[in-house]
Each structure stands twice: as structure tokens, then as C-alpha cells.
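Hi,

Here is the structure I promised to pass on to you.

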Amino acid sequence: MLIDSILTLTTFVPTAGAVVVALLPRKGRIIQWWTLLVSVVTFLLTLHLPAHFIYGQSGFQFEENYAWIANPAIRYHLGVDGISMWLVVLTGFLAVAGCLASWKTVETRTKEFYFFFLLQQTAMIGVFVALDMFLYYGFWELSLVPMAILIAMFGKERGPKTALKFFTYTFIPSALFLVAILYLYAKTGTFDYVKLQQALTANGSLFTADALGWVSLAFLVAFAVKVPVFPLHGWLSDTITDAPTAMAMVVAGKLGLYSILRFNLGLFPAQARAIAPLMIALSVIGLLYGACIALVQRDMKRLVAYSILSHLSFCTLGIFSFALSGLNGAVYQILNHGLSGSAMLILIGILYNRYGTYELSEYGGLAAKTPWLVTLFVITTLSLIGLPMLNGFVGEFLVLSGSYAHHAGWIFAATIGVILGAAYMLSMVQKIFYGPESAMITRHSVADLGFREHVILWPMAILMLVMGVASPYWIKAINGAVTGLADTATQTVTYTADHLPADHLPADHLLEKR
Amino acid sequence: MTASLHLWLLPLIPFAGFLVNGLIGRRLPKALVTGVALIATLIPFLQVANIWFHLGSTSLPYVENLGTWISAGPFHADFTLQLDHLTMIMLLVVTGVGFLIHIYSAGYMAHEEGYWRFFAYLNLFMFFMLTLVLSENFLLMFVGWEGVGLASYLLIGFYFLRDSAANAGKKAFVVNRIGDFGFLLAMFLMVQHFGTLSYSGVFAQITQHPEWQGGFLTAIAIFLVLGATGKSAQIPLYVWLPDAMEGPTPVSALIHAATMVTAGIYMVARTHVLFDRSPFTLSIIAIIGAATAFFAATIGLVQTDIKRVLAYSTVSQLGYMFLACGVASYTSGIFHLVTHAFFKALLFLAAGSVIHALSGEQDMRVMGGLRKKIPVTFWTMTAGVVAISGIPPFAGFFSKDEILYQAFISPNGGKILWFVGLVTAFLTSFYMFRLWYLTFFGESRAVEQAHDAQGHDDHGHAHGHGVHESPWIMTGPLVILAILSVIGGWIGVPAALHGHNEIANFLSPVFGSAESGGSNQIALILAVVSTLVAIAGWFTAHILYFAKPELPGKLAHSLHGVYTLLLNKYKVDELYGLVVMALMIISRYLLKALVDTGIVDGTGYVAGYTAQGFGALVARIQSGNIRSYAGWLSLGAAVLLVVTYFGLTAHLSLR
């Protein structure tokens, strides 16, 4: 059965849920159960997409396209392709996990928390499905607000300061981004993504190369801050540290990376190609830089924050490689990171919940007391460091091998990140779980994972394995969508031929020969 | 073509054993845990044996495709398994020796905490090792490659409450990752140049292009060698293996002697089509091999921990196999791999039996006189010692002699490499008989008091004091391995000694049967020389550690500098420590303090202060009242809409 307007439903069920949360009494766990119900329903709705997706067909599916405001011409246009579909599903999945992870960690001001939590889901799904620039921008801005408020409310004594930092970092580039959108509208008379794409690729006379360069840069900076791309990551470690787990899980990565793919590659392929060498350099630097700093962190949540910087740099690297397998790997890596990074943050949240500290030096020898916790922690760690048969490896390998042909030097450097990644993650495992029991561990008598924690973490662990061995299930949809992007990119090769390395095309052909 | 061989069962059954013991093993009785683990290894062994007996009716290489693993754009990789003659030999060694060590472990680990965990990891290891040898493409081989590293990490760190064990596990994984870095780069290059990672695809393209010599093939080969030096503990990445002795002794036998560490040799042999095109890389392999063999043997001369001697001996023997590959005599490398698996597994297990008998003692300085007390261990270990020392007709003699002979006659080798190998053979014989005399002969030097077992295997156990022979479940595998150590070399008796060299014939479909310049006469002379050298090593050890036991002390005193250098293992660990420290200092002070906190955060704050207005706003909305939040939110949205609306219309009217 195909549900009409499935995307509208998926996007706004959480909002409706949030409205109900505002009306529910603050009694018992009613609000939690309600939010869980809403999240599960949303997740099930998102699963409708892969079930009815037509594979091997490029372009957008499940489209809804109505005129909303006549002048300016804003349309209510939703739709997903192979990239955004999986991101919607991921968002739905993480909402359930986030709700369960917050179950006992958020005990005060639960109404506020779950209200904004659900609102955040709408904003994120909206970003992935909106195909009208104005609509998109509304969701994009909306995604910043609940996040900032929740950080301010739940970030302990440093919360407001961190929220301010986060908001400033993301809001200022967003303002420029808005100006760029309006400029595009003024020139083309449309906010619609598909029409914009046609206008930009077909009719070059509307814009000067300079103007388009600045517009694409305004887009890119707004997205790069949100990813974050080195050196725009100043907000990341504070935000990850102070945000509640369910928010930290979704604050970095997918929104910005998706937007780069959709808009910078989709609308401004020539400009994206022109800036690719810089972005590849920044990605590789960020990858190694994040890893080096993670190596010397004493606070486990900050360590994970820098590991996130390092891991997300793989995605930007794959995106700007413009190689087909690199793009596939980048999208897959966004999903992987959403899954494994979130699992890691949940695990660290569990530790904090029990011991009240993120200081690594306080821990030691926990493995003997909590065999299940250490098992899941190690599985997640292995996924993050790219052990083959787990999900991370597929993404990393595709990104690196796909980009190697044109950027051997950078990829050589990036592959060093594979060594550093193992070093800092295993050091963290060792400091928490191995070695003699620390005084703090001996003092507390703490139970192993509870039922609720098992319920969150095992599906995630199993999914890591499944995504590691059955990647075609996801990639067959992704491949169709990124092929479209890569094609758009090649169409413009003639305009920007001087930016390309001389050996570019022959090597591509060599790959496609088989 | 015969019916399907169901190769997929081989790795999957141990994996099932891992899942059972790993998930519910804690609640199962020990007997059941043992049963699951043993059956999960026995079935693959029987299946391999069955395949072996029906090999005549199977056309090799036999390939089994289990489905697509990754398919993205131009890149494609399948779950494909392959059986050929080389795989067959590896399967026999891995499942055969693996099963024996599983049996032994049931006795050795009987009194340990986390018995279930140990067997779960052991089965996990079998899964990855079998994947490694059965794979038909480099990517799947890499699964096994990293996977055995994971199992090794878990098992080295088995006694994880001890810092030294946890450190050793991490060190093994990270050092191996450096090797994996090379393996990955080699694969990237292969994807770039061949567009595929399957063996048949890559090798067919190389064969079709005889004009490809060196060039990118050398680049690929060198990166693969980097990978092999990590896994097979060669210079410069050997440092993890001696530390890996922190793991329980059966682990040292299985993973760090018989199987996993030979993966590098297997990989080079498997990829020989590529290496044959890069003589430069082959020379590097040969030099690395000979240097490692010699270097590790010298360290082994002065070590006092029984397992460390065996660890350095393993590094040294792997060096021989590397040397064999380097002179393009892959057959002799694999031959030595097989015999080494027998006698080194035996030596480790026998050492384990000694340690077991002494309730966890590993220091040879406090052993001695154990010959009569643990006779089965003594006799089996003797077989191992004689085999590794290269005394005919025991196993090690034939394989090592074959390598030395090939090094001597090969155009890639030469007399220098042969000579280094020969000197190493002398050292090997010496340090092995030193171990033998120190452990089993003379008076007992044991101090009759509870000693601090820190830094040792932690193999204390409940039953009575006093030295005692191990139970049959441990001595049984010892006896079988001892027999194999005696007769194992007979599969490769060269023509010069009136043999048929069965293993070379068996492997000839894989490696070809290249007869190069030697003659029976040279072979015979060299065999006599190596035999004499081996006996000389024994003789020296006899004098120093049996006839005149006061001599070693004097010698150490008079050669103080050399002795200390060897005892400190050439300070290589310290050197690497410095590199790591430099990285940490740069990360902490330059990157973290200066760049991140100073520049990145600093500019962030400057931007923040210029946006004080937002600060005031956020401070105001921080009231904790949901209605006020909702109000602010809708107000903000409204303002945004109004502003943009007017902005738009204004803009449009301008047009």
C-alpha cells in the first residue's frame, strides 16, 4: 500500500506529537511514553520509503508539489532521492534511540526537553525532504533553534555559553546563506530546486561567473560550519560535550553533508569542482588534526567530539573527490557515522550516568564488572575504526579507494588516519575498561547494562554488522542518486577544464572499463 | 567438476561457536563451553580432511561465489572463496594445529576466570584465519587480515586487568594497523590500475601484460610488503610480537607462532605473480628476511623468559620464510611455514606445560632439573628443539636447508644472504639448546617460596604444590605435534637426498616448477654444512650451559657492552617510544593548545563578542518557561518571514 503524502506525514507527525507534549501533564513518565510512541510511529513511516522506492530510477520520488504563496513564488515541494531517503530513515531510527537514551538521563524539565526534541525531528526530516529553497531554509533555521535552547537548558553551568557559541557559529553563515538564496530568486524567479537546477545548468547567461562563485561560497560556508569542516569546527567539542546525548547524536554531520551534496554539487557543480582541491586539503587536514587531538584528550566526550571531526572529514573527502565510488562511500559514511557515532555517544552517556564524570583518568578496569557494556563498547569502537565486516570499513574504503586515482598524495596522508583512529579509540577503551580497577570503580558498585540499554544498543550493533556485510541494500539507492550528481558534474567539465588535472579522464575510463 | 565443497561452512562453523560461547557462554557449564569450541574446530578439520582425500576428483582452483559484498559505481567486490593447492596446505595447518591447540587449551585454561571468553575468542580467530586463507580477493583477505589482528588483540589482552597485557594488546593492534595502512594503499593502487581486487582478475591482467615490469607493480608490491612486515613481525614492525607473549600460552602457540603470523608469508606467496615482476621488491623482502632472522636470533641469545626466547625465535624463523619468498622460492617458504607450525606450536605448548608445572613461572633462571619430573614434556620438547635446530632428519632441517640452498643459488639471493642464514642457523641451534639445558638439566634453581608472578602468564592455579606433569589432555597434543616435528620434514626431502620433494610437486600448479641453476652436488655440500653448523650450536650450548655453567656469567661480564645491548633488545622499543612521544607532544601543545584553543577557538570568541546582541537574546530566553520559549520561537519565525517578504518584494520592485 502506497501512502499519499507520506513525506508530509513523516515530517509533521513529530510536530503534532510536540503539540500534544505541550498539553500533557507533568506526571510520571507519560511524556516519555508519548514521545516514544511518536518516534516509533515516525520511524515506521520512514520505513515506508525504502519499501516503495523505485530503484534504478533517477530523480525525486514520493514528490508533493503545490503552490504555497503566489508572490514570491514559494512552493510546498517535497521529495526524496536515494541519498535523502536513507537520511530520513536514519533520522527516524535515531529519534527512537535518542528518546530511549534520554529516558532516565533527562529527569527535570521533561516537557521542554521532549517538546523541542520532537520539533528537532521535524526540522531535520524537513531539511532532507524540502525541495523548495525557501521551505528548505525554514527547516534549516528551525533545526538550529531547539538545539540551541536544549543546550542552554541542559548543558549544566556552561550550557548558555555553549549554546551562544553554537548559535553564533551557525547563525551568521546562515544569514549570508539566506542572502544568497534571495539573490538566486531575484535572478531566476524561482525557489524550486528542480527548476533552479535547470536554470543554473542550462542557462549560463543569467549569472556572471563571479556572482555564482560568491553564491556557491555562501552556501558552502553555511554547510561547512554545520558539518563541521576544519577549521570551522570551533563550536563542535563544546556543543558535543554540553548537549544532551540525544541532541549530540544529531548535531554534527548529516545535515551539512547532505546539503553540500544536494546544493553545492547539485546546483553549482562547476564551482564545487573549482573549490574541490581546497576542500580535499581541508578534509585531510581535519581528518589528521582531529585524530591527533583526540589522541591527547583526557575527557572522553571531547575525545569523541574530535573523533567525529576526523570521521566526518572522510565524508567531505569523498564528496569532493567527485569519483563515483567516493561519492557512494561518502553517503554511506554519513549513515555509518550517524549510527556508530550515536551508539558511542549513548555508551558514553551511560558511563556518565553511572559515574558522573567524563574524565578518563577516573576510570579503569571496568570490564570485569560490566561484561555487556564492554562488549558493546568494543563493537562500536571497532565499527568506528573501520574493522572490515562492520559498516565503517565499507564507507572508508570506498571513499579512499575511489579518491585515490586523482589525489594519491592526499589519500596517502588520509590513510594515516586509519592508524591514528585505532590508536586513540583503543586507548580510550583501555583507559575505561582495562588495567587495574580505579578507586572510583572500586568505590561504586554499578550494574551492567539494563533492559532499556540493551534494547537501544543491540539493534545498533546488529545494524553495524548488517551494514558491513550487506552494503548493496543501501548502496543500490545511493548509487542511482550520486550517479546523477557525478553526471551533472561531468557535464560542466568543458567549462572548467583548466581546473582538472591532466590525467583525469583516462584514469576514469580505466575504472569504468570493467 | 564435483559437487559443491561448501567452503563457506569452514569459517562459518567457528563463527557460530564464537557466537554461542560469546553470548551465552558465561552461563554454560565449562564442559559445554569446551564441547562447543572443540566441535566448532573439529568439524572444519574433518571437512578439510575430507576435501584432502577427494582432492583428486576436484578441479582446482575451485571457486565459490557467495554474493555481492560491495558494489558502488565502478567498484565491485564479492564474497568469493577459493580452494587451490596453496589454500589446501594452509587449511590443513590452520585447522589441524588449531584443533590440537584447542584440545590443549581445555586443560591449560581449566582453572581460569573467563574460560568461556577465551574459547569464544579462539573460535573467532579460527573464523578470521579461515576467511583469510580461503578468500579469492584482496578485500576479503583483508577481512581475515584485520580480523585475526582483532582476535589477537582480544587474546593478548585476555588478562585485561593487568596493565602490561592491555598495553601489549593495544600495541599489537596499532603496530599491525601500520602494516594494514600499507595493505590498504596497495589495494587502492590495484583498484586504480586493475579496476578489480579479485586474484584471478589482477593476476590475469598482469600475465596478459608482460611489458609491465616494476613501475606501479613495484609500488603495489612494496605497500604489500609493509603489510606483511606488520602481520609477520618483520623489521621494522616486529616490536609487537615479543610483547604479545602477555597472552595465555596456547594463544602464543596458535596465533603468534603457527598461524596468524605466517599470514604475511602466505600473502606474498599468494601474490607471487605480482612479486615476480618486481625483482627490486623481492630483493627488499630477502634482505628484510635475512636481517630479521639474524637480528631476532641475537636477541634470543640472552633472554631469560622462556616465552620471550620462543617469541624472538619465531620472529627469526619468520625471517627465514621471508628470505625464501625474497629469493622467489615460495615453495620452500611455505614448506618452512608448515614445519615451523608443527615445531613452534609444539615448543610453545611444551613451554606452557613447563609453566603449568611450575605454577606460572616463566623465568628460566629459576628452572632447571625438570627432565625427570615432567618426562613427557621433556621428551616432546626435545623433539621440538632438535627440529628447529636443523638437525637431520627432523622437520626443521629439510625446510631450513631448502631455504638456504635456494638463497645460495638464486639470482635474487647470493652468498651473503646464505651466509647470514647460516650464521642464524648456528645461533638458533645455540639458543634453543640453551633453553633446553636451562630448563631441564642441572640442579633445580627454584626458590621455594611464593614469588611475585607479576609480568608472567598469571597462570597460577588451584591444585597442589610441587612440580607435576600435565594431564593427558595437554600431553596428547604435545605427543602428536612431536611426531609431526620429527616426520613433518619428510614431505620435502630434496632430490639430492634421494627424496621426491612432494610438497614442491604438490604446489607446482600454483608456483610453477622452476628448476634453477643448482645441482645435487651443491645441495649436498650445503646440507652437510648446515648440519655441522647446527651441531656446532648444540655443542656450544652444551659447554656453556651444561659442562661449564659458570662460563656464561663470565662471558656476559667480559662482553658487557654487547650483552647489555642484546638484553635491552637494541633499544628499539625506546626508539619507537620517542617517536610516539614526539607525536603526543606535537598534538598536545602545538595542535591542541596553540591551534585549537588559541586560533580556532580564539577567532570563534572574537566572532562571538561581536555578536553580543545574540548573547543578550539567548540570556533573555533562558527563562525555563515553555510558553516563553514557544513564544520566542514563533516570534522569531514571524520576524524572519516578514523581513524576507519585504526584502523580496523590495528586491523584485527594483528589478
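First, some housekeeping. Residues are numbered from 1 along each chain as its sequence is written, while chains are lettered from A and ligands numbered from 1 in the order in which they are written. This is a predicted model, so to speak of a local feature takes a pLDDT of at least 70, side-chain atom pairs count only at pLDDT 80 or more, and totals for chains, interfaces and linings use all residues.

**Confidence**

pLDDT is the predictor's confidence in each residue, from 0 to 100. Chain A has a mean pLDDT of 88, with 94% of its residues at 70 or more. A contact means that the C-beta atoms of two residues, placed from the backbone, lie within 7 Å. Where pLDDT is low, the predicted coordinates should not be read in detail.

**Where the chains meet**

The contact between the chains takes 74 residues from chain A and 60 residues from chain B. On the chain A side, helix α6 (residues 159-188) gives the most, with twelve residues. Helices (H or I, at least four residues) and strands (E, at least two) are DSSP runs, numbered from the N terminus. Sorted by class, the side of chain A that touches chain B has 51 nonpolar, 15 polar and eight charged residues. Here Ala, Val, Leu, Ile, Met, Phe, Trp, Tyr, Cys and Pro count as nonpolar, Asp, Glu, Lys and Arg as charged, and the others, Gly among them, as polar.

One residue of helix α6 of chain A is A:A175. Is A:A175 buried or exposed? A:A175 counts as exposed, because it has 12 C-beta neighbours inside 10 Å. The rule is that a residue is buried if 20 or more other C-beta atoms lie within 10 Å of its own, exposed if 12 or fewer, and partly exposed in between, with C-beta atoms placed from the backbone.

**A hairpin and a helix in chain A**

Strand β1 (residues 61-69) of chain A pairs with β2(A) in the antiparallel sense over six bridges; strands pair if DSSP finds at least two bridges between them. A hairpin of four residues joins β1(A) to β2(A), and A:Q61 stands opposite A:V80 in β2(A). Strand β2 (residues 74-80) of chain A is largely enclosed by the rest of the structure, because five of its seven residues are buried.

Next, look at helix α3 (residues 82-102) of chain A, which holds A:I83. A:I83 is buried, with 26 other C-beta atoms within 10 Å. Leaving out residues up to four places away in sequence, A:I83 touches A:Y258, A:L261, A:V331, A:I478, A:A481 and A:V482.

**Chain B**

The secondary structure of chain B comes to 26 helices and two strands. Of the 655 residues in chain B, 54% are buried.

According to UniProt, "NADH-Ubiquinone oxidoreductase (complex I) chain 5 N-terminal" covers residues 69-119 of chain B, a span that is 57% helix and 25% strand. UniProt also places "NADH:quinone oxidoreductase/Mrp antiporter transmembrane" at residues 135-428 of chain B, and this span is 74% helix and 0% strand.

**The nonpolar core**

A nonpolar core is a set of buried Ala, Val, Leu, Ile, Met, Phe, Trp, Tyr and Cys residues joined through C-beta atoms within 7 Å. The largest one has 431 residues, and those with the most contacts inside it are B:M187, B:L323, B:A345 and B:L346. Helix α6 (residues 163-194) of chain B gives the most to this core, with 19 residues. Not counting residues up to four places away in sequence, B:M187 touches A:S401, B:F138, B:L139, B:F142 and B:L197.

The bond from A:V227 to A:P228 is cis, with omega near -5 degrees, and A:P228 sits in the loop between α8 (209-226) and α9 (236-242) of chain A. The bond from B:L60 to B:P61 is cis too, with omega near -5 degrees.

Lastly, B:K571 has a positive phi, near 60 degrees, in a residue other than glycine. B:K571 is in the loop between α23 (560-567) and α24 (572-610) of chain B.

Cheers

Conventions:
UniProt positions renumbered as here; feature names shortened; annotations may be inferred.
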